[in-house]
Amino acid sequence: MATTAKIAKDIKLEKVRRASLAAKAQGKPGVDMLPTRHRNRCWRCGRPRAFLRKFGICRLCFRQLALNGEIPGVTKASW
């Protein structure tokens with residue numbers, strides 16, 4: 001499970017980034033927040049690493065959901 005402090009930090013950075021973009025759109029100088037500071041996180045557990053963009057979840061949650069048959073079109077490979 002992700003710590004709430006890390007998730008809160010990501011939320012705070014996202015708010016500052018959006019405020020900066022809004023200020024730039026109005027022609028005002030804003031805080032220059034780099035888009036590389038944004039961390040993709042799993043929507044189920046908040047894990048920042050091993051994130052699968054296509055599904056929006058980490059590899060651990062992906063495996064669990066796939067084995068339960070909750071992700072349509074995904075089957076376990078066997079050969």
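These are my notebook entries on a predicted model.

**Ground rules**

I number residues from 1 along each chain as its sequence is written. In this predicted model, local features need pLDDT of at least 70 and side-chain atom pairs count only at pLDDT 80 or more, while totals for chains, interfaces and linings use all residues; side-chain values use heavy atoms, with hydrogens and water left out.

**Entry: salt bridges**

I searched the whole structure for salt bridges, meaning a side-chain nitrogen of Lys or Arg within 4 Å of a carboxyl oxygen of Asp or Glu. The search gave three.

I looked at Asp 10 and Arg 41. Their closest N and O atoms are 2.4 Å apart. Asp 10 sits in helix H1 and Arg 41 in the loop between H1 and E1, so this pair ties together parts 31 residues apart in sequence. I then checked accessibility, where buried means under 20% relative accessible area, exposed over 50%, and partly exposed in between (1.4 Å probe, protein chains only). Both Asp 10 and Arg 41 are buried.

Next I took Glu 14. Its salt bridge with Arg 17 has the closest N and O atoms 2.8 Å apart. Arg 18 also bridges to Glu 14, at 3.2 Å between the closest N and O atoms.

An α-helix has 3.6 residues a turn, so residues three or four places apart point the same way.

Glu 14 is buried at 17%. Arg 17 is partly exposed at 24%. Arg 18 is exposed at 56%.

**Entry: cysteines**

How many disulfides are there? I applied the cut-off of two cysteine sulfur atoms within 2.5 Å. The count is zero. The sulfur of Cys 58 has its closest cysteine sulfur in Cys 61, 3.6 Å away, which is too far for a bond. Cys 58 is buried, at 0% relative accessibility. Cys 61 is buried too, at 9%.

**Entry: helix H2**

Which residues of H2 (59-67) are buried? I list Cys 61, Phe 62, Leu 65 and Ala 66. After H2 comes Gly 69, with a positive phi near 75 degrees.

**Entry: aromatic rings**

I searched for ring pairs among Phe, Tyr and Trp (its six-membered ring), with centres within 6.5 Å; planes under 30 degrees apart are stacked, over 60 edge-to-face, the rest tilted. One pair turned up in the whole structure. Phe 55 and Phe 62 have ring centres 4.8 Å apart and planes at 45 degrees, so the pair is tilted. Phe 55 is partly exposed at 33%, whereas Phe 62 is buried at 19%.

**Entry: Ala 50**

I checked phi at Ala 50. The value is near 55 degrees, positive in a residue other than glycine. Ala 50 lies in the loop between H1 (4-25) and strand E1 (51-52). Ala 50 is partly exposed, at 35%.

Note on methods: Helix = DSSP H or I, 4+ residues; strand = E, 2+ residues; numbered from the N terminus.
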